[in-house]
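Below is a briefing on one structure, grouped by topic. Please read it alongside the sequence and the model.

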Amino acid sequence: MGNADSKLHFRKAVIQLTTRTQPVEASDNVFWDQFWSDPSTTVQDVFALVPAAEIRAVREESPSNLATLCYKAVERLVRAADSGCSSDRDRGVVLNCTRLLTRILPYIFEDADWRGFFWSTVPGAGRRLDGDVEDGDARPLAESLLLAVSDLLFCPDFTIQRRSGADSSEDVQSIDSCEFIWEVGVGFAQAPPPNSAHDMNRTELLKLLLTCFSEAMYLPPSGNRTLNPWVCFFCSPENRHALPLFTSLLNVVCAYDPVGLGIPYNHLLFWDRREQLVEQALQVLVVVLDPEPEPEPSPPVFQASGPENLFVSYLSRIHREEDLAFVLRGLARLLNNPLVQTYLPRSARRIRFHQELLVLFWKLCDFTRFSVLFQKFLFFVLKSSDVLEVLVPILFYLNHARADQSRLGLTHIGVFILLLLSGERNFGVRLNKPYSLRVPMDIPVFTGTHADLLIVIFHKLITGGHQRLQPLFDCLLTVVVNISPYLKSLSMVAATKLLQLLEAFSAPWFLFSSAQNHHLVFFLLEVFNNIIQYQFDGNSNLVYAIIRKRALFHQLANLASDAASIHRALLRRRRRSGVSGKTSGDSRSMEGSRPAVPAEPGTLKASLEATPGTSSLPVVPVVSLWSWSSAPQVLSWKAKLPLQTIMRLLQVLVPQVEKICIDKGLTDESEILKFLQHGTLVGLLPVPHPILIRKYQPNASTAFWFRTYMWGVIYLR
């Protein structure tokens, strides 16, 4: 009965906020205590008893009551942070105030007139809401709240273990929080004893922090390009707990092992409270490490004027090999969690915060642009094959999300990470490691390297993905171009996939449908040229595939570029698609995606089996040629097609292969491959071109996209 009565009193107090004819005085502690004095109140109770409609009603009809409620809740948190939460009652009050503010703050942020409320000073509040300082020196309510939450995250018997022998009346403000980091790892060698109650309390406080930071979600696009005042203050030198908070958040995430001892179905028998803490810690970490928005061009964002972001600064100081290994191993372990294979179905725990992990990994790599110190992490990632432990899960997520438009953001961030990594030579070199892990993906079975896996997945994205992936085609092929000079031996499966893409992208209707489509052909030709010039000896599979599809290159070299031919190609495609613009199932298969014309009798016909046609490529709208270019423009890029190296290869090798097929009566392609493996083009090819690496170029639009994506993920989670 007592529990029901307390809920009734809580509910009545909420109703009275809007029904009382006069504002409730701040000194009426009997009334305000009804919101947080009951220790049995849960977070579910708070969200159920304080409905959204009534919060908005209080905001509109009794604004002074809402302001007082926020002030009183912050006041109780400040008082608890000063006193140390020595009793169960005090700890219950802190949790209820935390939940209440977590519930109310979004409705403060959604109203433009209220957003400045927490950054105003409360008359008579004093420097720390204690009335001991003149009003002119009073802190804004937001600063008091953030400092109180930071103190409470290192409060003995509430969020950290009290030191043995320490008095319960120990002054919280004198505690060195660097001695109470939550988990072993970077900068901390002692493993604190597990405590689920502390984990729960930390989780509640981190949720409140995230809610405070989430004001950015309620701003118009222009407002999102300014500094987030909540994050700026929290990460500034004003926060004395910045260092232990940074290391605690990072260590909690990177030390987490969701599988544990590997007992099957343990996640169905026990509630893992640590997983909730890890998720909240990860989200707070990616938010506070968000670069400060700056107009282009600009110096490194975290060197901009304004308070220094200590979290970014501390991250840049991680340099010990064991610390870098701890971070990389932790991220790789969590990213690979959904890929873990078990004999018993659904017997292992599966994490759900892989998108936040990818954002964190992106930040760790992307900050390399700003500081030599950050380059240590990227160098460490790429100096060994450990980078492949991150690559495989990224490719898994890309393949899994390719047909789901709701997961477009996940696809973008995965491609951006690979684009950034591909700008480094060591990434291409590492891809030559054999791929032996068998991850559950709907891709052809092959024996090859991680580079083969990447190419096969990219082929799936292009040919089997939804239409909104088309803007990423350039990025996908840029990654392949960047790694191509270092690929020592492509499998036949990967080589065939590359030729299928060229076949699809070189179809006349596709080339002429957009002013940019020819870039895709240029990228693929550059891939072939790089491999032929720099890695010819080990790539007999690709050379063989090029010889089989030699008609493609002859068609490109003789591409009709007069206005009449271009018009016929577009018109023919329009007729196949239907006048209404609707496409049949057959019309989705691109013209030109069928195998090239068979070889003449007596040449390679016996040994060259038909290559499967490219599967359905997203339909590109057929537009009038005259809407984007003239025939002179087509001539300009046609003349620049880099076909010299490939045509020279065909000129030299095709007669040799045809001769050996006729002379020896070969019917097995393995014999042709063996011949090509011992062939050479030394002195026969044009002078090797310099290797051109296209690095990721940061810009304000991309940074804004990442910020929006990050908050979208957090909101949906």
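**Salt bridges and overall layout**

Aspartate 442 forms a salt bridge with arginine 402, with 3.0 Å between the closest N and O atoms; a salt bridge here is a side-chain nitrogen of Lys or Arg within 4 Å of a carboxyl oxygen of Asp or Glu. The model is predicted, so local features need pLDDT of at least 70 and side-chain atom pairs count only at pLDDT 80 or more, whereas totals for chains, interfaces and linings use all residues. Residues are numbered from 1 along each chain as its sequence is written, and side-chain values use heavy atoms, with hydrogens and water left out.

**Salt bridges**

- Aspartate 442 lies in the loop between β1 (434-435) and β2 (448-449) and arginine 402 in the loop between α17 (388-401) and α18, so the pair ties together parts 40 residues apart in sequence. Helices (H or I, at least four residues) and strands (E, at least two) are DSSP runs, numbered from the N terminus.
- Aspartate 442 is partly exposed at 43% relative accessibility, while arginine 402 is buried at 12%. Buried means under 20% relative accessible area, exposed over 50%, and partly exposed in between (1.4 Å probe, protein chains only).
- Arginine 274 and aspartate 199 form a salt bridge whose closest N and O atoms are 3.0 Å apart. Arginine 274 is in helix α12 (residues 273-288) and aspartate 199 in helix α8 (residues 196-213), so this pair ties together parts 75 residues apart in sequence.
- Arginine 274 is buried at 17% relative accessibility, and aspartate 199 is buried at 5%.
- Lysine 72 and glutamate 75 meet in a salt bridge (3.2 Å, N to O). Lysine 72 and glutamate 75 are about one helical turn apart because three residues separate their positions in helix α5 (residues 63-83).
- Lysine 72 has a relative accessible area of 6% and is buried; glutamate 75, at 14%, is buried.
- A network of salt bridges links Arg56, Arg59, Glu60, Glu110 and Asp111. The count of salt bridges comes to 27.

**Aromatic pairs**

- The whole structure holds 30 aromatic pairs. Rings of Phe, Tyr and Trp (its six-membered ring) pair if their centres lie within 6.5 Å; planes under 30 degrees apart count as stacked, over 60 as edge-to-face and the rest as tilted.
- Phenylalanine 361 and phenylalanine 377 are an edge-to-face pair, 6.2 Å centre to centre with 70° between the planes. Phenylalanine 361 lies in helix α15 (residues 354-366) and phenylalanine 377 in helix α16 (residues 372-382), so the pair ties together parts 16 residues apart in sequence.
- Phenylalanine 361 and phenylalanine 377 are both buried.
- Ring pairs join Phe109, Trp114, Phe117, Phe118, Trp119, Tyr218 and Trp230 into a cluster.

**Burial and core**

- The protein has 717 residues, of which 57% count as buried, and its secondary structure comes to 31 helices and two strands.
- The largest nonpolar core has 233 residues, and Phe35, Phe118, Phe213, Phe528 and Phe553 touch the most other members. A nonpolar core is a set of buried Ala, Val, Leu, Ile, Met, Phe, Trp, Tyr and Cys residues joined through side-chain atoms within 4.5 Å.
- Threonine 478 sits in helix α21 (residues 473-483) and is buried at 9% relative accessibility.
- Leucine 716, in helix α31 (residues 700-716), is exposed with a relative accessible area of 74%.
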